[in-house]
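Here is a short tour to read with the model open beside you. Take a moment to look it over before going on.

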Amino acid sequence: MSTFLVFGATGGTGRHFINLALEEGHRVKAIVRTPSKLASIRNPNLQVIQGSITDDPLPHLDECVRGSDYVVSMLGDAGMQMRSKINTAFVKKQLVPSMRKNGVKRFLYQAGGLSKPYKEYFSPYLWMLRHTVGNAYAGQHADNEAVMKYLAEDAMDIEWIVHRAGIGSEGSQGTLRRSPNSESKYSVATFRDCAAYNLKTVQDKAAVHTSCHSCYIE
Ligand SMILES: NC(=O)c1ccc[n+]([C@@H]2O[C@H](COP(=O)([O-])OP(=O)(O)OC[C@H]3O[C@@H](n4cnc5c(N)ncnc54)[C@H](OP(=O)(O)O)[C@@H]3O)[C@@H](O)[C@H]2O)c1
């Protein structure tokens with residue numbers, strides 16, 4: 001049994017993530033803005049803590065990080081991220097320092113498939129999508145990219161993993177695998193399948209310090 005500290009647990013991916021982790025018998029600590037959104041999940045292994053990543057300092061962060069094996073972020077607030085890089089500020093000023101202080105190493109951050117990996121190849125097709133359909137989420141991509149830059153430049157002591165997820169629907173269509181950037185292969189997957197991928201990948205040492213897309217196993 002492992003302990004997962006989860007951000008974004010009430011969201012499209014996060015909700016599936018916590019259900020899958022609990023089904024596997026793990027402990028989950030979820031820091032959420034609105035705890036009532038998780039009221040229907042009755043499981044003694046789920047601990048819900050109220051808080052917003054824009055609270056500085058975020059109450060109870062250290063005690064939640066302490067004793068966790070894995071930290072997983074499936075955060076997003078497209079409206080706020082249009083105005084401010086709230087994820088970057090939180091990861092940089094609060095989360096990573098707390099992980100360092102409490103000796104917690106492994107961190108998976110879910111970004112978008114159209115968020116460009118730091119100093120890595122972005123195909124012309126993805127570039128075109130990013131600057132057309134992706135414009136609606138420009139703030140979210142800019143925030144995700146700033147997180148990737150920070151992790152690569154200043155947090156290599158953390159065992160971070162970025163999942164550049166493509167998500168388009170609910171349900172399940174299969175099992176996702178990591179798609180190295182050199183492969184330029186990716187799927188527009190379901191929330192549940194991305195959550196299952198995050199649960200598997202955060203525990204995979206081979207994924208540390210990668211910022212890959214995911215694609216379905218054929
Ligand atoms: N949705 C997509 O189609 C898609 C596709 C590809 C990649 N992604 C990436 O994956 C990430 C997660 O996407 P998603 O669709 O699963 O998420 P989502 O449904 O948009 O939910 C975002 C989660 O973040 C939480 N959150 C937002 N601001 C917060 C704050 N200040 N403090 C604490 N929690 C906060 C939300 O809490 P509340 O319930 O309180 O709002 C919610 O749990 C996105 O950031 C995006 O980069 C998304």
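Is aspartate 56 buried or exposed? Aspartate 56 counts as exposed because it has 10 C-beta neighbours inside 10 Å. The scale runs as follows: buried means 20 or more other C-beta atoms within 10 Å of a residue's own, exposed means 12 or fewer, and partly exposed lies in between, with C-beta atoms placed from the backbone.

## Ground rules

This is a predicted model, where local features need pLDDT of at least 70 and side-chain atom pairs count only at pLDDT 80 or more, while totals for chains, interfaces and linings use all residues. Residues are numbered from 1 along each chain as its sequence is written.

## Around aspartate 56

Aspartate 56 sits in the loop between strand S3 (46–50) and helix H2 (61–65). Helices (H or I, at least four residues) and strands (E, at least two) are DSSP runs numbered from the N terminus. From aspartate 56 to tyrosine 150 there are 94 residues in sequence and 19 Å in space, C-alpha to C-alpha.

## The ligand shell

There are 26 residues around the ligand, and Thr10, Gly11, Gly12, Thr13 and Gly76 come nearest; a residue is near if its C-beta atom, placed from the backbone, lies within 6 Å. Helix H1 (12–23), strand S5 (106–112) and helix H6 (138–154) are the elements that give two or more residues to this shell.

Sorted by class, the shell has seven nonpolar, 16 polar and three charged residues. Here Ala, Val, Leu, Ile, Met, Phe, Trp, Tyr, Cys and Pro count as nonpolar, Asp, Glu, Lys and Arg as charged, and the others, Gly among them, as polar.

## Helix H1

The twelve residues of H1 should span 16 Å at 1.5 Å a residue, and its end C-alpha atoms are 18 Å apart, which agrees; the expected span is 1.5 Å times one less than the number of residues. The buried residues of H1 include Thr13, Phe17 and Ile18. Just after H1, glycine 25 takes a positive phi of about 90°.

The largest nonpolar core has 55 residues, of which Val6 and Val72 touch the most other members. Such a core is a set of buried Ala, Val, Leu, Ile, Met, Phe, Trp, Tyr and Cys residues joined through C-beta atoms within 7 Å. Helix H7 (residues 191–201) gives the most to this core, with six residues. H7 is mostly covered, as ten of its eleven residues are buried.
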